[in-house]
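Trainee: I am new to this structure and would like a close look at its salt bridges. Please start there, and then show me the parts around them.

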Amino acid sequence: MKIGLCQLDVKAGRPEKNLQKMLELIEQAKNNQIDMIIFPEMAVGGYLVGDVWLEESWCDYLMECNSILQEASEGIILIYGNIFIDKSKRNTDGRFRKYNAVYIFQNKQPINHPVNSTLGIPNGVSFKSLLPNYRYFDDKRYFYPFIDLVQEMGVSIEKAYQPFKLSVDGKDYNIGLSICEDMWYEDYSRIYNKNRQIPYNPLGTLVRNGADFIVNISSSPWTFGKEQARDNRIQSLQKDLNSQFVPVYYVNACGVQNNGKNIITFDGGTTIYNKFGSQIFEFRAEDFQEQLITVDHSIILKDKGIHHHRRKPKLTQKYEAIIQGIRSLDEMMDWKPNYIIGLSGGVDSSLVATLVAHAVGSDRIIALNLPTEYNSAKTRSSAAKLVENLKINRYYELPISELVQENTTLLEKTGAIPSLAAENIQAKIRGTSILSNLAGMHNGVMTNNGNKLEIALGYATLYGDVNGAIAPIGDLTKTEVFQMARDINQQFGELIPPEVIPDENFTFTKDGIPPTAELKHNQLDPMKFGYHDALLVAFTDYQKKTPEDILRWYQKGEPFFCEKLGISSKLYDKYQLGDARAFITDLEWFTKTIRKNIFKRIQSPPIVLVSKSAYGFDIRESQFVWTPSFTFQRLKNQILGELEK
């Protein structure tokens, strides 16, 4: 049996495009004598469409697509993901019940399932059981879990999870169908294993009930390390089943979807696992592009090798995700915008301009340097050098000192201007008065050039720096910004001026340009680069750490503290972290500053997601101030008390 695994670039909210592409690929598969074609989860309408899932007419539209796909299954087995609506039942919110479903048709007919009639659902469809409800996932807001339906109908889990039976060229196959999160059963076992001898395991149950192989269709967004985590789940399943284990075909979406506040990439990673739980193939699409992969099931069954795949370095994968995120704006906005980029001459705007140039080409960039008396010749020269390196033809240096003075004079008629507000006049003129207007003039969008550390600390001016249509590096720490700039120069030649990139201990050369907002004379960014980045990673990790955790690590001494944060002893010494009072004062400032700048993040543009926890909709925040807990105070007093002794 020839199987086609279709790593589809699913366009969220565009079923007409997805349907057309699926029909084209089905015809291509038939022409290539493929017996079975498999598409990803929610291939018809997309996965991340927000509360459009609550619109009945939208869901009806997607359901109507099923009849078209069923007709297209003549001469082939078709497996794909779409919504299923049961209008005979309502959920506790009063809305019709909806399921995240996998469909299977052959020769224009739904495949029979031995238990579906008992469960009150038609043949040719099965439902997702484990619904993720973390990070940017909201499955439980929209869909009903299959396991809840099973329990509601009084059917045992062991009976409900049955493979679909079909024939190809006179040979019978039992196909176990599952959807994305159902593979990650271990995380749910403690919930569903009460008073049961057999652990709750959708894939394992399908195998025990006679599945010859498993198909898992997914819309699993990319984050670094996702491939290894998935491999670990398969290997754990293999250990549970041992000699019973069967091949697994994992088919994932690629491309980009969004939730309004995060631009989320899907890298594919379509993988085939042999009966030993080892990868035979892994298809991480180059530049996240779709592809149709054809394999012979009989060869997969014979594979006995232990396979390992070399994966790209972390920063390389993040670079590729950002490139794809930028490119997605054409699809999301349904036009090809020019990119209006304010170039300060620093590393952040230099990196953003380089990424945009790599993603869509320099010819779509309009770059501007908008200096005042506070902008040095060094930064102006750096911006000009970058423009030359990237071959940006539309570049303007437009001094704004007169505009700043006119605004200042006007505003002073209402009273004295505090120093910080006076500084921010420059940023607001750049962002709101000039860059945003140029975007309107030139069929363009502004980029937001802030990195994750700046976004966390609010080290940006609302309506000045905090604006734009996309934040390409908003999920990169400053450490990663420096490293990505360094990597780009190594790979593509010296594009980003080296004077804006420090050494690995964050020290700049004599002629270097340390990060500065240049809103006043001799201004330098207040961050402790490397160390504050490490704190932020700890605070925003999926398994979040707290200021209390940081104090506990500190109590255990420098080696332990550095190891837990992943920083060097050189950084510990550079920032004099051995001074306990200064360390605690800085930690309190860092924590408080992150919390008090939530109001800026709420108004920030969409961030391209490249970490396990990104600002936007991945990290959900309410506005209130940080106050030290009793535990924090006790730990602080212990550390300072030890110091006084």
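**The salt bridges and their surroundings**

Mentor: Let us begin with a group: a network of salt bridges links Asp9, Lys11, Arg14, Glu16, Lys17 and Glu331. The term salt bridge stands here for a side-chain nitrogen of Lys or Arg within 4 Å of a carboxyl oxygen of Asp or Glu. Please keep in mind that this is a predicted model, in which local features need pLDDT of at least 70 and side-chain atom pairs count only at pLDDT 80 or more, while totals for chains, interfaces and linings use all residues. Residues are numbered from 1 along each chain as its sequence is written, and side-chain values use heavy atoms, with hydrogens and water left out.

By this rule, the count comes to 30 salt bridges. Side chains of opposite charge can pair when their charged atoms come close.

Take Arg97 and Glu152, whose side chains meet with an N to O distance of 3.2 Å. Helices and strands are DSSP runs, numbered from the N terminus (helices: H or I, at least four residues; strands: E, at least two). Arg97 has 5% relative accessibility and therefore counts as buried, whereas Glu152, at 38%, counts as partly exposed. The cut-offs are under 20% relative accessible area for buried and over 50% for exposed, with partly exposed in between (1.4 Å probe, protein chains only).

Next come Arg380 and Glu397, which form a salt bridge at 2.8 Å, N to O. This pair also links distant parts of the chain, with Arg380 in helix α13 (residues 377-390) and Glu397 in strand β17, 17 residues apart. Arg380 is partly exposed at 28% relative accessibility, and Glu397 is partly exposed at 35%.

Asp549 and Arg552 meet through their side chains at 3.4 Å, N to O. Both lie in helix α19 (residues 547-555), and because they are three residues apart, about one helical turn separates them. Arg552 has a relative accessible area of 36%, which means that it is partly exposed.

Four strands, in the order β17-β16-β15-β18, make up an open sheet with parallel pairing. β17 (394-397) and β18 (444-446) are the edge strands, each pairing on one side only. On average, neighbouring strands here are turned by 20 degrees against each other, direction ignored. Inside the sheet, β15 (residues 338-342) pairs with β16 (residues 365-369) in the parallel sense over four bridges; two strands count as paired if DSSP finds at least two bridges between them. Ile341 has Ala367 in β16 as its bridge partner. Across β15 and β16 lies helix α12 (residues 347-360), running at about 165 degrees to β15. For such angles, axes are lines fitted to C-alpha atoms, for helices over the stretch in contact, and values run from 0 to 180 degrees between N-to-C directions.

Helix α14 (residues 401-411) packs against helix α15 (residues 419-441) at about 110 degrees, and their axes are 10 Å apart. That angle makes the two helices roughly perpendicular. In this contact (heavy atoms within 4.5 Å), Leu403, Val404, Asn407, Thr408 and Leu411 of α14 meet Ile425, Gln426, Ile429 and Ile434 of α15. Of these residues, six are nonpolar, three are polar and none is charged.

Finally, visit a few loops. Met42 sits between β2 (36-38) and α2 (56-72), and has a positive phi of about 45 degrees although it is not a glycine. With a relative accessible area of 1%, Met42 is buried. Arg135, in the loop between β6 (125-127) and α4 (139-142), has a positive phi too, near 50 degrees. At 14% relative accessibility, Arg135 counts as buried. Ser73, found in the loop between α2 and β3 (77-90), has 0% relative accessibility and so counts as buried. Leaving aside residues up to four places away in sequence, Ser73 touches Leu78, Phe105, Gln106, Asn107, Lys108 and Gln109.

Methods: Parallel < 35°, antiparallel > 145°, perpendicular 65-115°, else oblique. Nonpolar A, V, L, I, M, F, W, Y, C, P; charged D, E, K, R; others polar.
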